[in-house]
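Hi,

Here is the structure I promised to pass on. Have a look at it first, then read my notes below.

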Amino acid sequence: MIWRFLNTGLNTGKFNMQLDEQLARTFDIISDSPILRVYGWKPFTISLGFNQPETDFNIPKILTNGLEIVRRPTGGRAIFHAHELTYSVIMFMGDQGPRNIYHSINNALLRGLRAMKIDAQLSPDSENFRKHYQTVNSIPCFSSSAKYEIQYQGKKIIGSAQRRFGKVILQHGSFLLGTQHRQLTSYLADHIADKMNIIEEAFTEKTTEAETILGREVSFGESVEYIREGFQKEFNIRWEDFGTKSVSKL
């Protein structure tokens, strides 16, 4: 099976989110092969889920500290994008449902993590999100897991979300490499800053990172190779270079 691979390296939050959406909106379901894109963030960026209020955060402080804040085209909650690998998959749904695609993509990610010697698993159950979203703990994406998300010893290490564009699926997510993502609590809005300890406890109880598991620093480049290998094995892929022509205008 032919897939296209695109490594866009480190870019701004605006670029990253616009490109994911552009690739999904312009995907030709007749002629285009599935796309695996990998990327990082420069400067570090806080992204919000499509329906999450900006009032959860201190926007002036975010901007003053040289960070960005953007809104993702998918759902979920806030992520502080720092030392991580972010992936996106754009593909024609065919006769598969979104849940089946989600499961398959996360199996590919799981293969990549296990090749890194991270004995991760798929979450067997989903949080009661209606109830969870009524609590302050729900502000960070990594405070809860959906079914088939990737965990290590019950702690979330990759968070993912989907959106349909007609018959095209965009799924993207964050593979946490280092602990910097926990700085999210430093940028909470003043009216919820007193709940910082509660959210920090949720990070400790429900989140982990490659660096913590392996006891060493894991680079973006290293993680790219393992994740690409996981997709190749799961989908029996023959890679085709994507090139940069289609992204030069962003």
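Which residue is the bridge partner of Asn7 in S2? In S2, Asn7 is bridged to Val38. Before I go on, some ground rules: this is a predicted model, where local features need pLDDT of at least 70 and side-chain atom pairs count only at pLDDT 80 or more, while totals for chains, interfaces and linings use all residues. Residues are numbered from 1 along each chain as its sequence is written, and side-chain values use heavy atoms, with hydrogens and water left out.

Helices (H or I, at least four residues) and strands (E, at least two) are DSSP runs, numbered from the N terminus. Two strands pair if DSSP finds at least two bridges between them.

**The eight-stranded sheet**

This one is open, has mixed pairing and runs in the order S7-S8-S9-S10-S6-S2-S1-S11. S7 (121-122) and S11 are the edge strands with a single partner strand each, so one side of each has no neighbour in the sheet. S1 and S2 (residues 35-41) pair in the parallel sense over seven bridges.

**The three-stranded sheet**

Here the order is S4-S3-S5, again an open sheet with mixed pairing. S4 (68-71) and S5 (79-81) are at the edges. S3 (residues 45-48) pairs with S4 in the parallel sense over four bridges, and Ser47 has Val70 in S4 as its bridge partner. Helix H1 (residues 13-25) packs on this sheet, touching S3 and S4; contact means heavy atoms within 4.5 Å. H1 also lies across strands of the other sheet, including S1 and S2, and runs at about 170 degrees to S2. Axes are lines fitted to C-alpha atoms, for helices over the stretch in contact, and angles run from 0 to 180 degrees between N-to-C directions.

**Two helices**

The axes of H3 (residues 98-115) and H7 (residues 220-235) come within 7 Å and cross at roughly 125 degrees. That makes H3 oblique to H7, because angles under 35 degrees count as roughly parallel, over 145 as roughly antiparallel, 65 to 115 as roughly perpendicular and the rest as oblique.

**Aromatic rings**

Rings of Phe, Tyr and Trp (its six-membered ring) pair if their centres lie within 6.5 Å; planes under 30 degrees apart count as stacked, over 60 as edge-to-face and the rest as tilted. The count comes to seven aromatic pairs. One of them, Phe5 with Trp239, is edge-to-face, at 5.5 Å centre to centre and 70 degrees between the planes. Phe5 lies in S1 (residues 2-11) and Trp239 in S11 (residues 238-241), so the pair ties together parts 234 residues apart in sequence.

Cheers
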